[in-house]
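Please consult the sequence and the structure while working through each solution.

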Amino acid sequence: MRAENGPAAEAGGDTVAAVVRQWQAVRPDIDTGPMEVIGRINRCAALLQQAEDAPLRRAGLTRAEFDLLGALRRTGHELTPGELARETFSSGAAVTKRLKQLQERDLVERRADARDRRVAHVRLTDAGRHLVDTILPEQLSYETVVLSVLGGTDQERLSGLLGELLARLEGRTGARRA
């Protein structure tokens with residue numbers, strides 16, 4: 001991804017390359033290699049998130065709310081708030097707050113468990129399912145265009161490398177893989 005404006009575009013390269021050059025000029029004794037990888041991952045993630053969140057903003061959703069709706073859609077069945085918290089790596093309190101907002105918008109429904117009234121089961125409404133099914137293809141289309149600068153083999157290689165990194169990071173931090 002090439003910056004269109006600013007120092008990186010003028011000097012050639014991406015924004016991280018410009019930052020690395022600046023660090024190397026003032027601190028040539030440090031290894032900026034990790035910054036070149038992590039910095040680019042973070043910058044790509046920020047730019048992708050910004051563009052991918054556009055359809056969410058138009059629908060009046062936050063990324064976190066869409067993640068809850070997406071979890072319900074992709075699992076294909078009701079989930080408890082605790083299960084949703086695990087699926088979306090969110091706190092129980094955050095899930096409860098988001099579910100209340102989504103329920104007010106008629107995107108999800110809650111029902112009490114027949115055996116234990118303290119347990120709620122959450123499912124998508126028809127409107128919630130329709131919203132996810134409308135937004136997801138738009139996001140995937142954007143991702144396809146972005147990744148089209150890489151050939152299929154490069155995409156597979158990048159996916160594999162990022163998968164290895166993610167698995168190690170999740171193992172190190174104790175996060176569960178979905």
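The model is predicted: local features need pLDDT of at least 70 and side-chain atom pairs count only at pLDDT 80 or more, while totals for chains, interfaces and linings use all residues. Residues are numbered from 1 along each chain as its sequence is written, and side-chain values use heavy atoms, with hydrogens and water left out.

**Exercise 1.** Determine which helix supplies the largest share of the nonpolar patch.

*Solution.* Step 1: α8 contributes the largest share, 4 residues. Helices are DSSP runs (H or I, at least four residues), numbered from the N terminus.

Step 1: α3 (33–58) and α8 (152–173) each provide at least two residues of the patch.

Step 2: the members are Val37, Ile38, Ile41, Leu158, Leu162, Leu165 and Leu169, which together have about 530 Å² of accessible area.

**Exercise 2.** Classify leucine 162 as buried, partly exposed or exposed.

*Solution.* Step 1: leucine 162 lies in helix α8.

Step 1: its relative accessible area is 39%. Buried means under 20%, exposed over 50%, and partly exposed in between (1.4 Å probe, protein chains only); leucine 162 is therefore partly exposed.

Step 2: C-alpha to C-alpha, leucine 162 and isoleucine 41 are 9.5 Å apart in space, and they are 121 residues apart in sequence.

**Exercise 3.** State which residues of α2 and α3 meet.

*Solution.* Contact (heavy atoms within 4.5 Å) is the criterion. From α2, Thr15, Val16, Ala17, Val19, Val20, Trp23 and Gln24 meet Met35, Glu36, Gly39, Arg40 and Arg43 in α3.

Methods. Patch = residues over 30% accessible without salt bridge, like charges linked within 9 Å, V, L, I, M, F, W, Y side chains within 5 Å. Areas by Shrake-Rupley, 256 points an atom, 1.4 Å probe, with all protein chains shown as cover. Salt bridge = Lys/Arg side-chain N within 4 Å of Asp/Glu carboxyl O.
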